[in-house]
Amino acid sequence: NVFSTVIGLMMISRLPRRFLAIGGFFGLVFCCILVVIFDLLDSFNGVKVAVLAFIVTFELGFGIVTFTYQAEILEAEMLVYPRYVHWIGLIVVSLVTKPVIEDAGLSVLYIYYAIFDLVCGLILAKYMIETSGCKSEETR
């Protein structure tokens with residue numbers, strides 16, 4: 001996670017934020033599909049690799065863009081609200097993950113993740129503005 005975050009920090013100064021965010025979400029969809037396929041094939045090692053790819057893809061894509069993008073489009077006083085939403089989302093995911101895996105299975109959980117990531121990627125593709133190379137006054 002730390003290694004991919006460091007690589008993501010280097011990438012964010014070289015690649016457009018919109019590309020990283022949208023590409024990251026579609027990469028997450030791909031990783032979710034891999035998890036489902038390997039789970040259905042009962043390949044535990046395949047599932048481990050696919051989940052690791054999911055984590056790395058998040059950090060190289062949307063995970064690294066989130067905080068940079070917020071700082072570029074919001075006033076300093078407003079930065080706290082997206083961070084609250086971020087942490088509430090993490091809490092919800094952590095509370096839901098184990099019961100869903102126990103009741104429905106890993107494949108069902110990652111199908112939900114894939115659908116959610118696909119919807120988020122499509123929403124970003126439609127509404128996200130590019131902020132690379134812009135002055136902060138231009139993006140607000």
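Reader: Is Thr57 buried or exposed in this structure?
Author: In this model, which is a predicted one, Thr57 is buried, since its relative accessible area comes to 19%, and residues count as buried under 20%.

Reader: Where does Thr57 lie, and what is it in contact with?
Author: Thr57 lies in helix α3, and once its neighbours within four places in sequence are left aside, Thr57 is in contact with Gly24, Gly27, Leu28 and Cys31.

Reader: Stepping back a bit, how many helices and strands does the protein chain have?
Author: The protein chain has 7 helices and 0 strands, and so, reading from the N terminus on, its elements run α-α-α-α-α-α-α.

Reader: And what share of the residues is buried?
Author: Of the 140 residues in the protein chain, 32% are buried. As for the overall extent, the C-alpha atoms fill a box of roughly 50 × 30 × 30 Å along the principal axes.

Reader: What about contacts between residues at least 6 apart in sequence, how many of those join residues at least 24 apart?
Author: Among such contacts in the protein chain, 77% join residues that are at least 24 apart.

Reader: New topic: how many aromatic pairs are there?
Author: The count comes to 4 aromatic pairs. One of them joins Phe54 and Tyr110, whose ring centres are 5.7 Å apart and whose planes stand at 85°, and because angles over 60 degrees count as edge-to-face, this pair is edge-to-face.

Reader: Which parts does that pair tie together?
Author: Phe54 lies in helix α3, residues 44-60, whereas Tyr110 lies in helix α6, residues 106-127, so the pair ties together parts that are 56 residues apart in sequence. Phe54 is buried with a relative accessible area of 16%, and Tyr110 is buried as well, with a value of 9%.

Reader: What does Tyr110 form with Tyr113?
Author: Tyr110 and Tyr113 form an aromatic pair that is edge-to-face, with 5.1 Å from centre to centre and 80° between the planes. These two residues are 3 apart in helix α6, which means that about one helical turn separates them. Taken together, ring pairs link Phe54, Tyr110 and Tyr113 into a cluster.

Reader: How do α5 and α6 pack?
Author: Helix α5, residues 80-103, packs with α6 at an angle of about 140°, and their axes are 8 Å apart, which makes α5 oblique to α6. The crossing in which α5 passes α6 is right-handed.

Reader: Which residues make that contact?
Author: On the α5 side the contact is made by Val93, Thr97, Val100 and Ile101, and on the α6 side by Leu106, Leu109 and Tyr113. Tyr113 also belongs to the ring cluster with Phe54 and Tyr110.

Reader: Now for α1, which of its residues are buried?
Author: The buried residues of helix α1, which spans residues 2-12, are Ser4, Gly8 and Ile12. They cover an arc of only 75° around the axis, so they lie on the same side of α1, while on the other side Val2 and Phe3 are exposed.

Reader: What covers the buried residues there?
Author: The cover includes α2 (17-40), α3 and α4 (62-73).

Reader: Last one: where is Asp42, and what is its phi?
Author: Asp42 lies in the loop between α2 and α3, and it has a positive phi of about 55° although it is not a glycine. Most residues other than glycine have a negative phi. At 70% relative accessibility, Asp42 counts as exposed.

Terms used: Residues are numbered from 1 along each chain as its sequence is written. This is a predicted model: local features need pLDDT of at least 70, side-chain atom pairs count only at pLDDT 80 or more; totals for chains, interfaces and linings use all residues. Side-chain values use heavy atoms; hydrogens and water are left out. Rings of Phe, Tyr and Trp (its six-membered ring) pair if their centres lie within 6.5 Å; planes under 30 degrees apart count as stacked, over 60 as edge-to-face and the rest as tilted. Helices (H or I, at least four residues) and strands (E, at least two) are DSSP runs, numbered from the N terminus. Buried means under 20% relative accessible area, exposed over 50%, partly exposed in between (1.4 Å probe, protein chains only). The arc is that of the directions from the helix axis to the C-beta atoms. Contact means heavy atoms within 4.5 Å. Axes are lines fitted to C-alpha atoms, for helices over the stretch in contact, and angles run from 0 to 180 degrees between N-to-C directions. Angles under 35 degrees count as roughly parallel, over 145 as roughly antiparallel, 65 to 115 as roughly perpendicular and the rest as oblique. A crossing is left-handed if the near helix is turned anticlockwise from the far one by less than a right angle, and right-handed if clockwise.
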